[in-house]
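Subject: Model handover and findings

Hello,

Here is the model I promised to pass on. Please load it before reading further.

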Amino acid sequence: MEGQALCAKVAAQDPKRADRMWNTVTDAQGHETIDPQARAKACGICSQCPVRLDCISRALVGGWKDDSIIGGIDYQRRKALSRVIAKDQGLDATVSVHRLAAWQVRSWLEQHPDWPTLMRREDTAYWRRTKRSKRAKRRHRPDIKPLFRHAAPMPTGETVQGILF
């Protein structure tokens, strides 16, 4: 690592604030909550951090599945970035980047400075695919009867004598 992580500096000054920014916090009822304003600040801090790529690469290889912000991105976006890297490296998407070393993931991130754009595109495409798949499954359910019946079209021309109301 080439410097100290900015999140470590924030945590040294105010640990509760750092937890609120990068992790979930338990509220009075015992539920895990996320503070959106604190998360936005955390993402801004992470985007300027000198060790951001190290954090992201360790998170992708380690496969951390939590609601924490790591390297300025949440779990859903880390998963999308993992799919992008796996596709580029020719790995199976189910195995993802867990087979790679952290330095390999970091070097990939350095070689692809447009990785945030690629990550967002993959995330959007994933949710579109998921939505289409669910929609297709709903359409082809033989156990659900249709809400309408197909009827013969109305005759046109001289055979129709009038309209009854």
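My notes on the fold, the helix packing and a few side chains follow.

First, the ground rules. This is a predicted model, in which local features need pLDDT of at least 70 and side-chain atom pairs count only at pLDDT 80 or more, while totals for chains, interfaces and linings use all residues. Residues are numbered from 1 along each chain as its sequence is written, and side-chain values use heavy atoms, with hydrogens and water left out.

Overall fold

The protein has seven helices and two strands. Both kinds of element are DSSP runs numbered from the N terminus: helices are H or I with at least four residues, strands are E with at least two. Starting at the N terminus, the order is α-α-β-β-α-α-α-α-α. There are 165 residues, and 27% of them count as buried. Buried means under 20% relative accessible area, exposed means over 50%, and partly exposed lies in between (1.4 Å probe, protein chains only). The accessible surface is about 12,100 Å², with 54% of it on carbon and sulfur atoms. These areas come from the Shrake-Rupley method with a 1.4 Å probe; for residues, only the protein chains shown count as cover. Among contacts with a separation of 6 or more, 53% join residues 24 or more positions apart. Contact means heavy atoms within 4.5 Å.

Helix packing

Two packed helices are described by the angle between their axes and the distance between the axes. Axes are lines fitted to C-alpha atoms, for helices over the stretch in contact; angles run from 0 to 180 degrees between N-to-C directions.

Helix α1 (residues 6–13) packs on helix α2 (residues 15–22) at about 135°, with the axes 5 Å apart. That makes α1 oblique to α2. The cut-offs: under 35 degrees is roughly parallel, over 145 roughly antiparallel, 65 to 115 roughly perpendicular, and the rest oblique. From α1, the contact uses Cys7, Val10, Ala11 and Gln13; from α2, Pro15, Arg17, Ala18, Met21 and Trp22. By class, the contact of α1 with α2 has seven nonpolar residues, one polar and one charged. Ala, Val, Leu, Ile, Met, Phe, Trp, Tyr, Cys and Pro count as nonpolar; Asp, Glu, Lys and Arg as charged; the others, Gly among them, as polar.

α2 also packs against helix α3 (residues 36–47), at about 90° with the axes 7 Å apart. That makes α2 roughly perpendicular to α3. Arg20, Met21 and Trp22 of α2 meet Ala38, Arg39, Lys41, Ala42, Ile45 and Cys46 of α3. This contact of α2 with α3 has six nonpolar, no polar and three charged residues.

Two arginines

Arg39 sits in α3. Is Arg39 buried or exposed? Arg39 is buried, at 10% relative accessible area. Leaving out residues up to four places away in sequence, Arg39 touches Met21, Trp22, Asn23, Thr24, Ile34, Asp67, Ser68 and Ile69.

Arg83 lies in helix α5 (residues 75–89). Arg83 counts as buried, at 15% relative accessibility. With residues up to four places away left out, Arg83 touches Glu122, Asp123, Tyr126 and Arg129.

Aromatic pair

The structure holds one aromatic pair. The ring centres of Tyr126 and Trp127 are 5.0 Å apart and the planes stand at 75°, so the pair is edge-to-face. Rings of Phe, Tyr and Trp (its six-membered ring) pair if their centres lie within 6.5 Å; planes under 30 degrees apart are stacked, over 60 edge-to-face, and the rest tilted. Tyr126 is partly exposed at 25%, and Trp127 is partly exposed at 42%.

Best wishes
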